[in-house]
Amino acid sequence: MPLPEVIDFSGRQIHLDALIGQGGEGAVYGIRSSEDLVAKVYHRPLTPDRAAKIQFMSSLSSGILNQVSAWPTGLLLAKSGRAPVGLLLPRVKNAKDIHKLYSPKSRLTEFTRADWRFLVRACTNTARAFGAVHATGSIIGDINEGSVLVAPDATVKLIDCDSFQITDQGKRYLCEVGVETFTPPELQGKNLRQTVRTVNHDSFGLAVMLFLLLFMGRHPFAGRFLGRGDMPIPKAISELRFAYSAMRADVQMDRPPNTPPLSIVGDEVAFLFERAFAKQMINGGRPEPQDWVQALVGLEKNLVQCRTNPSHWHHKAVACPWCPMEAATRAELFPFVSLGADVNAFDLTTLWRRIEGLQSPGPAPNIQATRPAPSAEAVSVANSFRRANVLAFAMALAIGGIGVFGGLSAPAPLLFLVAALITFFGARRWLDKSSDVYKFRDAEAKARDTWLRAQQEWTERAGAAAFDGKKQEVLRLKVLLDHLPTLRKSKLDQLRTSVKQAQLSRYLDQFEIDKASIEGIGNGRKRTLQSYGIETAADLLSTAVENVPGFGPKLCGALYTWRQSVEAGFKFNPATGVDKRDIDKIEHEIAVERRKLEQAVRNGYEDLRQLHARVINARTQLQGPVEAAYAQYLQADENYKAVSR
């Protein structure tokens with residue numbers, strides 16, 4: 001098929017080279033005279049408005065725009081008739097669709113050096129690119145996973161710029177298309193052909209793109225709806241149901257299983273996401289590109305490497321979120337990083353010798369004290385009770401004797417007897433100091449409480465329970481370390497017995513759901529599947545899809561049918577044997593597990609040393625006060641017993 005013959009606006013012929021790619025709208029060709037430009041030729045001549053738009057855009061072309069986008073640099077005309085048929089664009093080299101970066105599966109093969117630092121930097125550069133476009137007064141409008149390309153150095157380029165909304169001296173050329181999963185709530189369901197876009201609209205799509213990059217391809221509005229019925233992403237967006245928000249319970253949403261919380265990005269970036277997806281920001285106020293750049297630069301400065309898996313980087317304020325996520329999903333999130341040889345080689349034998357040399361300090365020594373005699377005050381109070389009884393009885397007896405034996409006439413004897421009783425009780429009360437018993441009772445209760453608390457602290461801090469428990473925990477780690485060679489052999493043996501299944505899984509992994517045409521599975525549902533870690537035909541070998549909200553028997557059946565149609569093309573090759581990538585994966589898993597266990601043993605040894613030192617220190621510091629508390633209790637107890645007899 002002959003190549004189109006085109007000229008630029010000045011009439012110079014542009015000699016096209018080989019076809020690079022084509023779509024429904026047009027085809028892209030190389031240019032013989034330039035390695036830095038390509039020509040996009042439309043299947044149909046451009047309308048006057050479209051041609052004027054491209055001509056004006058080319059006048060805006062600048063160094064910064066060419067760095068961050070495939071910005072039109074000129075209009076192309078048909079050589080015959082001079083009808084506008086295309087445009088000149090900068091050639092984008094060695095860059096791939098951004099969804100190949102934020103999708104964990106494709107990232108492993110397409111971006112083999114991309115860790116979370118790379119993703120954060122790609123986010124920063126994406127925000128910078130948006131800012132450069134907005135600085136020209138233009139609006140991107142049609143933000144989607146195919147509109148941004150990422151290079152191996154994390155720089156980005158925006159493409160399909162001819163669809164941007166452009167304003168030329170009051171004349172506005174609208175962006176007439178959009179993808180619903182990136183469209184803000186206020187534009188959901190609207191006719192975009194007649195809608196004027198704003199920076200605030202772009203800010204929503206930018207936030208979605210950044211979220212996809214930072215959260216392993218999970219869409220911010222794909223979550224578990226806690227109400228009745230289905231909640232597809234476009235509806236969740238229109239109802240502002242941000243599944244990762246701190247306020248998500250208020251909108252009956254929760255994150256999908258095995259996904260990290262919003263806090264992994266730090267307070268500043270998390271706050272920007274909350275703002276971007278808040279109802280209050282619909283009329284303005286969403287974070288703009290410069291806000292994201294500042295926050296993301298700060299995030300990158302706060303990243304630290306995981307001590308267990310060197311492939312993982314995370315915010316220093318939180319524990320590594322990727323380790324538990326990988327453990328739960330059994331899927332690698334980042335390309336392997338060789339652990340290499342540790343400069344400070346882990347000498348397990350020496351360390352175990354040290355651990356075994358740390359002997360248990362044993363139980364807390366018993367606190368002993370000689371039980372004392374009651375205090376003089378207690379003895380005095382006890383004696384006062386006996387003296388009071390004797391004297392009161394003698395006085396009452398004398399008065400009563402007069403009444404009985406004094407020969408008095410009635411009713412005098414009876415009155416004397418009553419007087420005797422009154423004298424007995426009155427005198428005993430006047431002479432008795434036994435009310436002080438209450439003072440001794442309270443003192444005993446207080447001393448007993450102090451002693452019991454001191455005894456508990458002594459047992460806990462001067463005892464060996466914490467040390468012994470930690471040592472058993474460290475010994476269990478040794479068992480796990482010793483078992484690693486057996487575990488490695490078992491995994492490798494399992495690989496050899498499941499070569500066919502491994503080949504099938506790898507074959508199916510080549511077929512992305514995102515690129516497939518499956519009945520009932522549109523763009524929104526594909527994003528939902530991606531947010532639940534279901535990206536390729538291989539992910540449909542299990543029944544995990546049946547747990548995704550909104551996917552009933554009909555949709556699951558359509559997915560399974562598609563997978564079976566793809567699987568029909570699989571041919572097992574027994575001669576291939578075990579794929580080296582599968583072996584490398586197991587070796588990496590074992591190496592990571594070994595590193596994790598070794599680090600746990602190191603930490604355990606340090607913990608044991610500290611615990612041992614704390615116990616010895618506690619015995620030195622606490623013994624005197626604890627013995628004093630016990631002696632005080634014994635004294636108070638003896639005193640109370642003395643006055644209570």
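Arg371 is partly exposed, at a relative accessible area of 41%, where buried denotes under 20% relative accessible area, exposed over 50%, and partly exposed the range in between (1.4 Å probe, protein chains only). The model is predicted, so that local features need pLDDT of at least 70 and side-chain atom pairs count only at pLDDT 80 or more, whereas totals for chains, interfaces and linings use all residues. Residues are numbered from 1 along each chain as its sequence is written, and side-chain values use heavy atoms, with hydrogens and water left out.

Arg371 pairs with Glu638 in a salt bridge whose closest N and O atoms are 2.8 Å apart; a salt bridge is defined as a side-chain nitrogen of Lys or Arg within 4 Å of a carboxyl oxygen of Asp or Glu. This pair joins distant parts of the chain, 267 residues apart: Arg371 belongs to the loop between helix H11 (348-357) and helix H12 (376-405), and Glu638 to helix H19 (residues 580-644). Helices (H or I, at least four residues) and strands (E, at least two) are DSSP runs, numbered from the N terminus. Glu638 is buried, with a relative accessible area of 11%.

In total, the structure holds 44 salt bridges. One of them connects Glu300 with Arg121, with 2.3 Å between the closest N and O atoms. Glu300 lies in helix H9 (residues 289-301) and Arg121 in helix H5 (residues 116-134), so the bridge links distant parts of the chain, 179 residues apart. Both partners are partly exposed, Glu300 at 23% relative accessibility and Arg121 at 37%.

A further salt bridge is formed by Arg506 and Asp579, their closest N and O atoms being 3.5 Å apart. Here too distant parts of the chain are linked, over 73 residues, from Arg506 in helix H16 (residues 499-508) to Asp579 in the loop between helix H18 (553-567) and H19. Arg506 is partly exposed at 27% relative accessible area, as is Asp579 at 21%.

The largest nonpolar core comprises 79 residues, of which Trp116, Leu214, Phe273 and Trp292 touch the most other members. Such a core is a set of buried Ala, Val, Leu, Ile, Met, Phe, Trp, Tyr and Cys residues joined through side-chain atoms within 4.5 Å. Trp292 is in contact (heavy atoms within 4.5 Å) with residues including Ala127, Leu206, Leu210, Val269 and Phe273, neighbours within four places in sequence being left aside. A second, separate core of 24 residues includes Ile513, Ile518, Tyr532 and Trp562.

Thr259 is situated in the loop between strand E14 (253-254) and helix H8 (266-276). Thr259 is buried, with a relative accessible area of 8%. The side chain of Thr259 comes to 2.6 Å from the backbone oxygen of Pro256. Apart from neighbours within four places in sequence, Thr259 contacts Arg218, Tyr244 and Ser531.

According to the unreviewed UniProt entry, the feature "domain: Protein kinase" covers residues 14-303; UniProt positions follow the numbering used here, feature names are shortened, and annotations may be inferred rather than shown by experiment. In the model, residues 14-303 are 33% helix and 19% strand, and the end C-alpha atoms of this span lie 49 Å apart.

Notes. A polar contact is a pair of N or O atoms within 3.5 Å; within protein, one must be able to donate a hydrogen and the other to accept it, and residues adjacent in sequence count only if both atoms are side-chain atoms.
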